[in-house]
Amino acid sequence: MVATTIGLLGAGRIGTLHAANLRALAEVEVLIADAEPARAQQVAVDLGCSAVADAEALFARDLDGVVIATGTDQHAPLVQRAAAAGAAVFCEKPLARTTAEALAVLEVIDASGATVQVGHQRRLDPGYQEARRAYRAGELGWLHTVRAVTADQFPPAVAFLATSGGLVRDCSVHDFDILQWITGQRIMEVYARGSNNGDPAIGSVGDVDSAVTLATFADGTLATVSATRHNGAGHDVRLELHGSVGTIQVGLDASYAGRSAEPGFVYPAGQVHTTFHERFADAYAAEMAAFVALVRGSGANPCPPHEAVDAGRVADAAQASLDSAVPVRVAR
Ligand SMILES: NC(=O)c1ccc[n+]([C@@H]2O[C@H](COP(=O)([O-])OP(=O)(O)OC[C@H]3O[C@@H](n4cnc5c(N)ncnc54)[C@H](O)[C@@H]3O)[C@@H](O)[C@H]2O)c1
């Protein structure tokens, strides 16, 4: 087989992980570029692949696919650049900083016919996949209570937070996407409240460190979606689906970041997850494998851009609700 050449832009936290997962795939050549060339060079040395000077040098190469893992503010221009180059694109979430910007990118994608996969890796996580299967098979009945949790152990750098779009756009958007993906229903209205009792620097860039969103689905089903940057016990990402017939929980594995208060009951048994890298190691690997299959024309797109942008619309409404302290309808 002729090797598939993937160009990767952004060798930061998530880009380094994607590069390692791409390197682990057979017949894949990885070229890395970063705005800080020394960073790309170091990752290339660590992983035994190649670095180029910058994005333009990368696009000058003959690429089959491009993985965009830069900060969010660079996603829209780079997706359009990659689509124009005729490469299949994997773009980390979100597709763009705002929905307005994302809609402009969707127009370019649709006009060019480019293949674009967005990085909602939970769709490739075995637990979320099983929850979707069980719900859709009718094993849970109708849902009376839905609780989604995304809790980082520690906040990322404030410089990252300043360009992240805020906690609900950066973190809760994963829950909005997965809830719509599992249920096949749209979230119609959100009411979000936030708090800032941790690092004051987070408040100084206009963000909150914790938030809860009450989401209402088209059929009236309610979900609470909570997020925080300060979960000292570990990285905790879970979903509870409680139905009229059955209940299923995602994320209750041996590394769940919590402990039981019940005397004599020892749970969990293993080392807790501390980062998203560990919690979703299998999903990130599957995500890159799915992208390479898509590039080779042999797989389905696990996260088409229109669906990711719809989750972004929910996140925008949640941010508007945070700002206004009133419920907000999701604009579509
Ligand atoms: N799916 C997930 O679970 C997940 C997890 C973390 C981050 N993310 C997303 O991934 C993106 C990156 O996040 P991160 O935490 O890795 O950020 P990061 O700051 O650690 O890394 C970003 C890298 O991109 C580089 N960069 C910036 N502009 C560039 C350009 N024009 N060309 C080449 N390189 C450029 C920076 O120098 C930096 O090395 C964000 O959009 C974030 O929302 C997704």
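User: Which residue follows H4, and is its phi positive or negative?
Analyst: H4 is followed by glycine 86, whose phi is positive, near 80 degrees; helices here are DSSP runs of H or I with at least four residues, strands are runs of E with at least two, and both are numbered from the N terminus. Keep in mind that this is a predicted model, in which local features need pLDDT of at least 70 and side-chain atom pairs count only at pLDDT 80 or more, while totals for chains, interfaces and linings use all residues. Residues are numbered from 1 along each chain as its sequence is written, and side-chain values use heavy atoms, with hydrogens and water left out.

User: OK, and which residues are buried in H4?
Analyst: Helix H4 covers residues 75–84, and its buried residues are His75, Ala76, Leu78, Val79, Ala82 and Ala83. Buried means under 20% relative accessible area, exposed means over 50%, and partly exposed is in between, using a 1.4 Å probe and protein chains only.

User: What do those buried residues pack against?
Analyst: They pack against strand S1 (4–9), helix H3 (55–59), strand S4 (65–68), S5 and H5, where a contact means heavy atoms within 4.5 Å.

User: Back to phi: which residues other than glycine have a positive one?
Analyst: Among them is glutamate 27, with a phi of about 60 degrees, which lies in the loop between helix H1 (13–23) and strand S2 (28–33). Another is alanine 325, with phi near 60 degrees, in the loop between helix H12 (305–324) and strand S13 (328–329). Most residues other than glycine have a negative phi, and most peptide bonds are trans.

User: Where are the cis peptide bonds, then?
Analyst: One joins lysine 93 and proline 94, with omega about -10 degrees, and proline 94 lies in the loop between strand S5 (88–92) and helix H5 (99–112). A cis peptide bond also joins tyrosine 267 and proline 268, with omega about 0 degrees, and proline 268 is found in the loop between strand S12 (247–250) and helix H10 (276–279).

User: New topic: how many residues has the largest nonpolar core?
Analyst: It has 47 residues, and those with the most contacts inside it are Tyr128, Leu179, Ile182, Ile187, Leu239 and Leu241. A nonpolar core is a set of buried Ala, Val, Leu, Ile, Met, Phe, Trp, Tyr and Cys residues joined through side-chain atoms within 4.5 Å. Helix H8 (residues 167–183) gives the largest share of this core, nine residues.

User: Where does that core lie relative to the domains?
Analyst: Both domain 1 (4–114) and domain 2 (125–277 + 311–329) give residues to the core, so it lies between them; the domain bounds come from an automatic or database domain assignment. Apart from it lies another core, of 29 residues, among them Leu63, Val116, Val118 and Val309.

User: Which residues come nearest the ligand?
Analyst: Of the 24 residues around the ligand, Arg13, Asp34, Arg39, Thr72 and Tyr284 come nearest, where a residue counts as near if one of its heavy atoms lies within 4 Å.

User: What about histidine 75 and the ligand?
Analyst: An N or O atom in the side chain of histidine 75 is 3.1 Å from an oxygen atom of the ligand, and a backbone N or O atom of isoleucine 14 lies 2.9 Å from a ligand oxygen atom. Taken alone, the ligand exposes 860 Å², and the protein buries 86% of that, with accessible areas computed by the Shrake-Rupley method with a 1.4 Å probe.

Definitions and conventions
A polar contact is a pair of N or O atoms within 3.5 Å; within protein, one must be able to donate a hydrogen and the other to accept it, and residues adjacent in sequence count only if both atoms are side-chain atoms.
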